[in-house]
Every structure is written in C-alpha cells, then in structure tokens.
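We will go from stop to stop, selecting a few residues each time.

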Amino acid sequence: MSSEVVNNPYRATGVQNEGRTNEILYYWTDVKQQGGTITDDELTPLIFENGKLIGWGQDVFSSTVK
C-alpha cells in the first residue's frame, strides 16, 4: 500500500455571502483514486464565519454558501 503526502489545508477560499464573510478550508479526507491527483470529491470543506467553525461537509457547505 502506497502512502500519499499532502499539506493541509489543501485549499482555502473566502466567500462573501449575504453580508457575511465565510472562510472555507478544504481538507483531503478521502482517497477515491490513487495517482497523486486530488479531486474535489476527496476534499471535506470546513466552513468558518467570523473566525468560528459553523460546520463541515458538503451539506453544510451547500446550505451556507450560496
């Protein structure tokens, strides 16, 4: 079994949403395919609002960031 090395967070973005600023940190949490390429479905978003974690996962992301 080979191992993959990735710096976390893999990606970070900021989003303006209805007068709020959300910071999204994407962590690599699921290997769907070996080979060094990380796809969006292998990342779990952590959603922050005003510096506080308000939730994680695609369901929270979809309902919070429109």
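Start by selecting Glu 49 and Arg 20: their side chains meet in a salt bridge, 2.9 Å from N to O (a side-chain nitrogen of Lys or Arg within 4 Å of a carboxyl oxygen of Asp or Glu). This pair links distant parts of the chain, with Glu 49 in strand E3 and Arg 20 in strand E2, 29 residues apart. Strands (E, at least two residues) and helices (H or I, at least four) are DSSP runs, numbered from the N terminus.

Before moving on, a word about what is on your screen. This is a predicted model, in which local features need pLDDT of at least 70 and side-chain atom pairs count only at pLDDT 80 or more, while totals for chains, interfaces and linings use all residues. Residues are numbered from 1 along each chain as its sequence is written, and side-chain values use heavy atoms, with hydrogens and water left out.

Now colour the pair by accessibility. Glu 49 counts as partly exposed because its relative accessibility is 21%, and Arg 20 is partly exposed too, at 27%. The cut-offs are under 20% relative accessible area for buried, over 50% for exposed and partly exposed in between (1.4 Å probe, protein chains only).

**Next: Asn 22**

Asn 22 lies in strand E2, residues 20-28. Is Asn 22 buried or exposed? With 0% relative accessibility, Asn 22 counts as buried.

**Then: Phe 48**

Select Phe 48 in strand E3, which covers residues 43-49. Phe 48 is buried, because its relative accessible area is 18%. Leaving out residues up to four places away in sequence, Phe 48 touches several residues, including Asn 22, Leu 25 and Ile 54 (contact means heavy atoms within 4.5 Å).

**Last stop: Arg 11**

Select Arg 11 and Asp 40, which form a salt bridge with the closest N and O atoms 3.3 Å apart. Asp 40 is in the loop between E2 and E3, and Arg 11 is in strand E1 (residues 11-17).
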